[in-house]
Amino acid sequence: MGGPGCGKGTQCKNMATKYGFRHVGLGQLLRQEARRSTQRGRKIYDIMLQGLLVPTGIILDLISSTMLSHPESRGFLIDGFPRGLKQAKEFERLDARR
């Protein structure tokens, strides 16, 4: 935890390398998806263009898709998520179903 520019992403990348996990940067993931011509990508683009936060449901779907597309990974370090306890609990519920 920490403010912008304090090194959270750098430490996440370092830990992922050291322990063999996959680093998932949520901001980068959202920007990549927003550039795609999919329905989800266009929706994310519109939300971000307005300066709003992308809803948790869309984020969970995106993270889930990313995790499922890398079954070989020992684990995942998600940089930028969760932003609060409510999101953490929603992620736990999603993770428990898989």
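This is a predicted model: local features need pLDDT of at least 70, side-chain atom pairs count only at pLDDT 80 or more; totals for chains, interfaces and linings use all residues.

Trainee: What span does H4 reach from its first C-alpha to its last?
Mentor: Helix H4 covers residues 56–68, and its length is 13 residues. At 1.5 Å a residue, the expected span is 18 Å, and the distance from the first C-alpha to the last is close to that, at 18 Å.

Trainee: Is Thr56 buried or exposed?
Mentor: Thr56 belongs to helix H4, and its contacts, leaving aside residues up to four places away in sequence, are with Gln87 and Glu90. Its relative accessibility is 17%, and because buried means under 20%, Thr56 counts as buried.

Trainee: Which residues does Gln87 touch, not counting residues up to four places away in sequence?
Mentor: Gln87 sits in helix H5, which runs over residues 85–97, and with a relative accessibility of 12% Gln87 counts as buried. Setting aside residues up to four places away in sequence, the residues that Gln87 touches are Thr56, Ile59, Phe81 and Pro82.

Trainee: Is the peptide bond from Phe81 to Pro82 cis or trans?
Mentor: Most peptide bonds are trans. Pro82 lies in the loop between strand E2 (76–79) and H5. For the bond that leads from Phe81 to Pro82, omega is near 0°, and the bond is cis.

Trainee: How are H2 and H4 oriented to each other?
Mentor: The axes of helix H2 (residues 26–35) and H4 come within 11 Å and cross at roughly 95°. Angles of 65 to 115 degrees count as roughly perpendicular, and therefore H2 and H4 are, relative to each other, roughly perpendicular.

Trainee: How many nonpolar, polar and charged residues does the contact of H2 with H4 have?
Mentor: On the H2 side the residues are Leu26, Leu29, Leu30 and Glu33, and they meet Ile59, Leu62, Ile63 and Thr66 in H4. Sorted by class, the contact of H2 with H4 comes to 6 nonpolar, 1 polar and 1 charged.

Trainee: How many nonpolar, polar and charged residues does the contact of H3 with H4 have?
Mentor: The crossing in which H3 passes H4 is left-handed. H3 contributes Arg40, Lys43, Ile44 and Ile47 to the contact, while H4 contributes Ile58, Asp61, Leu62 and Ser65. By class, the contact of H3 with H4 is made up of 4 nonpolar, 1 polar and 3 charged residues.

Trainee: Is Lys18 buried or exposed?
Mentor: Lys18 is part of helix H1, residues 8–19. The relative accessible area of Lys18 is 63%, and because the cut-off for exposed is over 50%, Lys18 is exposed.

Trainee: What distance separates the C-alpha atoms of Gln11 and Asp79?
Mentor: Gln11 is another residue found in helix H1, and with 46% relative accessibility Gln11 counts as partly exposed. Gln11 and Asp79 are 68 residues apart along the chain, and the separation of their C-alpha atoms is 9.6 Å.

Definitions and conventions: Residues are numbered from 1 along each chain as its sequence is written. Side-chain values use heavy atoms; hydrogens and water are left out. Helices (H or I, at least four residues) and strands (E, at least two) are DSSP runs, numbered from the N terminus. Buried means under 20% relative accessible area, exposed over 50%, partly exposed in between (1.4 Å probe, protein chains only). Contact means heavy atoms within 4.5 Å. A crossing is left-handed if the near helix is turned anticlockwise from the far one by less than a right angle, and right-handed if clockwise. Ala, Val, Leu, Ile, Met, Phe, Trp, Tyr, Cys and Pro count as nonpolar, Asp, Glu, Lys and Arg as charged, and the others, Gly among them, as polar. The expected span of a helix is 1.5 Å times one less than its number of residues. Axes are lines fitted to C-alpha atoms, for helices over the stretch in contact, and angles run from 0 to 180 degrees between N-to-C directions. Angles under 35 degrees count as roughly parallel, over 145 as roughly antiparallel, 65 to 115 as roughly perpendicular and the rest as oblique.
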